[in-house]
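The tour below moves from one selection to the next.

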Amino acid sequence: MLSPPAARAGVEFAIPEPSTRERGIARVFHVACLLAGLGVVALFAVALWARNGLTPVEGIVGLHAHMMAQGEGLYHPLNQYPYTVAAYGPIYYSLCAALDRLGVPVYLAARSISFVALLGSLWFCWRILVRLVPQDRSARTAGLLLAASTANLLYWGTVGQVDMLAVCFSLAAFSTYLDWRAGSSSLWLAGLFVVLAVFTKQTAISSGAVISLLLLREDRRTALRWIPAVALAGGAIAATLQVATQGAYLENALFANLNPFAWGKLADQAQYFLLTSGGLLLIVVCCLPAVTRASSPVFLYAGVSLAVWLLTAPKVGSDLNYQLEMTLLLAVAAGVGLGQTGFFPAVFANRRNAITLLQIPLALHIALNLTLTARNAAERVVFESAKTAEIESLRPYMASPHRRVLGGSYDATLQLRGRIEVETLIYTLLVEAGRIDPGPVQRDLESGRFDTVILPFDISGGQTPTWLNAELTPLPKAQLEAVRTRYRLVKHLDGAFLNGNYIYEPIRN
């Protein structure tokens, strides 16, 4: 065997021993990685075990996928039954429907897709870190740990909604672009991932926008080919879907998604973000002066995703899932920034300077989010029993396929009926926006054609509760009045939310 030239010449190299602080920090990282892994396993185990919806939207996504699997289509015209909106692109629904047709329960199918997307997202985060900070393994590990420990990411990565898959495609596009820039991948593959992201969730535009901006800065000739080609491909797919659904695709995926803004939503989300991920933002801001041209793309991506979040978070119906891409990018950017500033060599050498103070937000982010993950897993277990009891109490009023039912949770509708006639939240918003004619449902209520109406409060007294808002109003005011005058309260059932379920049946003359 040939030996290295230096060894043949008799030169000996001494590999420096890691310092006590370096070994201690490595042990802390190992423990934190183990705890983060246990959190991922715990949440996914609960998701596999749970038979009820983990979020209200999970039920409606499951209903759309199940109805698609049963041959009822996905994008329905807004002005006829069923009054329901498939608010996202077709990719996630189609994957769930395919698994449903193979016999996989729809919740299990949807959550499994999200979990695989979660693992894929973490893998692409690692690939980005390897590409941008190849010289600092500690910084790469820190970036991945910051992402993998984030409670919000793990929560939505084990829920049957579209967000995690869209984020995975977006990160795949950005990682592929970085590989192309290094000469080891195809830019057209990045374009494919951009299209997949957008047709999973329409707001997943950050990655495509960032790649376009970077190409315009670095290689304008390539940009003038790539940007129109990707846009044309996306437009052709949208046009095909529009023709295939007789105009219903854009009605569902675009126009019905223009929900009104409620600025309190942004305040609530910002409060959660600053509490759970404010440390990431602080690290990124402190590392900005050390950003190089080579590492700037990830900071640009984080900034664009932050802007998209600020524009979409105030929308009625938004939730903490809107923060996923932004939070992941901040974690990766934090890892890159720690590598650029020489944070870990400074910490290992026990230097006393401003950059080593970033140990505080780094440790707080990991500790706080691991604690939140444990709490989320426990809450899901407790919530499962409450949902099971609620659905069983609704069974006599919803299970019969011969009864017409208006209202009730989407979870109960999926499990007891398998299809929906009126998706009350989006229906009410669209009626108030003038996009849907309320006449057919109004006439059916006034003539008592719904055998059961389920409301979250007692309407018989003519007063609405003070907690009612745009996200909780079950029907337009005129239709609530029709229920009050044409139906009678027959039962009040305890439920998992608020005041439970009030069951109304028509007054028979």
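**Aromatic rings and their neighbours**

Begin by selecting Phe-44 and Phe-115 in this predicted model; Phe-44 is buried, as is Phe-115. In general, a pair of aromatic rings is described by the distance of the centres and the angle of the planes. Phe-44 and Phe-115 form one that is stacked, with 3.7 Å centre to centre and 5° between the planes. Because Phe-44 belongs to helix α2 (residues 20-49) and Phe-115 to helix α5 (residues 106-132), this pair ties together parts that lie 71 residues apart in sequence.

Next, select Phe-174 and Tyr-301, whose ring centres are 4.8 Å apart and whose planes meet at 50°, so that the pair counts as tilted. Here too the pair links distant parts of the chain, with Phe-174 in helix α8 (residues 163-181) and Tyr-301 in helix α14 (residues 296-312), 127 residues apart. Is Phe-174 buried or exposed? Since its relative accessible area is 0%, and buried means under 20%, Phe-174 is buried; Tyr-301 likewise counts as buried, at 0% relative accessibility.

Then select Phe-29, Phe-343, Phe-344 and Phe-348 together, which ring pairs link into a cluster.

At Tyr-107, the charged end of Arg-111 sits over the ring, 4.8 Å from its centre.

Conventions. Residues numbered from 1 in each chain as written. Predicted model: local features only at pLDDT ≥ 70, side-chain atom pairs only at ≥ 80, totals over all residues. Heavy atoms only, no water. Phe/Tyr/Trp six-rings, centres within 6.5 Å; stacked < 30°, edge-to-face > 60°. Helix = DSSP H or I, 4+ residues; strand = E, 2+ residues; numbered from the N terminus. Buried < 20%, exposed > 50% of the residue type's maximum accessible area, 1.4 Å probe, protein only. Lys NZ or Arg CZ within 6 Å of the ring centre and 35° of its normal.
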